[in-house]
Amino acid sequence: MRGYEAKEVCPIIQLVQVPVARGKADLNTYREAGSEVVSILARRGRCERASIDEVYLDLTEAAETMLAAAPPDSLEIVNEEALRSHILGLNQEDNSDVKENVRKWICRSSADRCDKLLACGVLIVADLRMQVLQDTQFTCSAGIAHNKMLAKLASAMNKPAQQTAVPFSSVKGLLASFPIKKMKQLGGKLGSSLQTDLCVNTVGDLWQFSEEKLQEHYGINTGTWLWNIARGINGDEVEGRLLPKSHGSGKTFPGPSALKNLSSVQHWLNGLCEELSERLQSDLEHNRRIARTLTLHAHAYKTNSSDQQVKFPSKSCSLRYGSPKIQEDAMNLFQAGLREFYGSSNVIQHGWRITGLSVSASKIVAVPSGTCPITKYFQGQQPTCSSSKLLVGDCTEVAYSSVSFSEDEDADKIHTTISNEDSSIQVPSYYQSDGADVRKEAATSTSGRESCLESNLIGSPSTMSNELSCEPKPDLHTLDRQVRKKSSVDKGKSSILNFFRRVNSNSPLQMHNPAGGTQDHTLSHSDGSRLETELWHYKVDDIDPSVIDELPPEFQEEIRAWLRPHKRPNTVKSGSNVSITSFFSSTSTP
């Protein structure tokens, strides 16, 4: 019952309120408790965490080991908790000793191998449940069967703090009267179709249809699947997954609390997105995982229309880390869904009601070894090479780029080249202040080889002094010829790492354009003096648009222009004092 319903029946009832945060139930404590239970269950077999409080456990190996070493029929004493088990199909005579009947079933020597393995599972699960109670003070219920589907059904049959086993001989009796709509994956359109088209209301009603008949109605795969589950056959494997596949935050707004305008939707979306962002950040820090997709779900109805069957469409987009960005994207998804829900771009502000909102993050993957935020490079900080530590900048503004240093990467390749051709030490401009003395930069670079860039970026002071007295620097015409000659050698390299490797003025910036064209950018100082011509080829599909927002504001417009092929400029915008390419170009040398 809901709380208000319970109070109507029992006015003096004392209701326990779960913790509340941002106006909704805070399930973090419950979520952490579930993780404690899973960690204990995983000691005995492969675990698949299905939800906040549900887990599948594959006990095949543990049961076979027990059957070989200490089969149940050899046991003199059976655990008291195991004797409290419910065995489906076990005849219980009036006034008979229930526990004794369970003991006899567990210790049968005449049972076939399947039932003996099931008996081993009963003993193992009983021990695990007692271990959970001892270590966490939490109770749990369990279903024990030969596949996930039957185990799931059995787990809900005897609660709380009990366990139920399903022998093969009892499967038909379990499913005969089981409502078809309560079966997993049959609660929606497929279950409704079975009821309306074939008059199937229970799983037992499916037995009258042959596999060919079901295939005729629902296709080969679905028809075969229906025929199998009606007989308790399910081949789904237990996936070894202790962490959730997705994160979500939602709230319902029943009856008069339904949301009526965009401002109220924005208010609740902000809170839901803040919670989601916190969980994503925690997952990143503790499990080194990032999510790729943001999805918004909503339940709604129209107040000025008789058509109540239209569902509010779910909308998804690429996920950007940070509460403000998730909030912005979620609101944009809601408005897009609302326009589609209403069938018009001119949505009547008060012609709808929202009874449920949720945001979720999915497509969670492990963070690649050595990955770090692109903002580190523009803040003048160097990423470490070690894969054991993830560098994260602002916790609320994490954006991962294609920059990554693997452990087998030769750190000496990422350095400042001391060239005999131009007799100058080329230092990337973003590691120098204007007019800075290169010797001073070199002298201050005294830290050990702690990162890819720190120890090799500038070179030692001794090397510096030895190389500063080489022959004069070539003129600009010579440099231009060298640039164009070198471009054919480096063609095809599209990683951003190349920008850090080729800091020599003789090495052009190379990225591929889908059309195969060449884009020339002439770089100039603020005083108007010409530096050199850089050749920058790039492939638009390789650039993640979300990374652009992480760049300094003065670069964002220039980058977006490059991503628009028909409007791509040939030169840097007139009047611009700073260009992103200047970060990777040479500056005046001493």
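Helix α2 and helix α6 meet through a set of side-by-side residues: E36, V37, I40 and L41 in α2 are in contact with L128, Q131, V132, D135 and T136 in α6. Keep in mind as you look that this is a predicted model.

**How the two helices cross**

- Two packed helices are described by the angle between their axes and the distance between the axes.
- Helix α2 covers residues 28–41 and helix α6 covers residues 113–136, and their axes come within 10 Å and cross at roughly 135°.
- That angle makes α2 oblique to α6, because it falls neither among the roughly perpendicular angles (65 to 115 degrees) nor among the roughly antiparallel ones (over 145).
- The crossing of α2 and α6 is right-handed.

**A cluster of aromatic rings**

- Which residues form the cluster linked by ring pairs? They are F312, F334, F341 and W352.
- Start with F312 and F334, whose ring centres are 5.5 Å apart and whose planes are at 20°, so this pair is stacked.
- This pair brings together distant parts of the chain: F312 is in the loop between β9 (289–302) and β10 (315–318), while F334 belongs to helix α13 (residues 323–342), 22 residues apart.
- Now turn to F312 and F341: their ring centres are 5.6 Å apart and their planes are at 35°, so this pair is tilted.
- Here too distant parts of the chain are linked, with F312 in the loop between β9 and β10 and F341 in helix α13, 29 residues apart.

**Buried or exposed?**

- Are F312 and F334 buried or exposed? Both are buried.
- For F312 the relative accessibility is 7%, so F312 counts as buried, the cut-off being under 20%.
- F341 is buried as well, with a relative accessible area of 3%.

**Charges over rings**

- Find Y56 and you will see the charged end of K148 sitting over its ring, 4.7 Å from the ring centre.
- Another lysine, K302, lies over the face of Y342, at 5.5 Å from the ring centre.

**D58 and its contacts**

- D58 is part of strand β4, which spans residues 54–58.
- How far apart are the C-alpha atoms of D58 and V238? They are separated by 6.2 Å, although the two residues are 180 residues apart along the chain.
- Setting aside neighbours within four places in sequence, D58 is in contact with G45, R46 and V238.

Technical notes:
Residues are numbered from 1 along each chain as its sequence is written. This is a predicted model: local features need pLDDT of at least 70, side-chain atom pairs count only at pLDDT 80 or more; totals for chains, interfaces and linings use all residues. Side-chain values use heavy atoms; hydrogens and water are left out. Rings of Phe, Tyr and Trp (its six-membered ring) pair if their centres lie within 6.5 Å; planes under 30 degrees apart count as stacked, over 60 as edge-to-face and the rest as tilted. Helices (H or I, at least four residues) and strands (E, at least two) are DSSP runs, numbered from the N terminus. Buried means under 20% relative accessible area, exposed over 50%, partly exposed in between (1.4 Å probe, protein chains only). A charge sits over a ring if NZ of Lys or CZ of Arg is within 6 Å of the ring centre and within 35 degrees of the ring normal. Axes are lines fitted to C-alpha atoms, for helices over the stretch in contact, and angles run from 0 to 180 degrees between N-to-C directions. Angles under 35 degrees count as roughly parallel, over 145 as roughly antiparallel, 65 to 115 as roughly perpendicular and the rest as oblique. A crossing is left-handed if the near helix is turned anticlockwise from the far one by less than a right angle, and right-handed if clockwise. Contact means heavy atoms within 4.5 Å.
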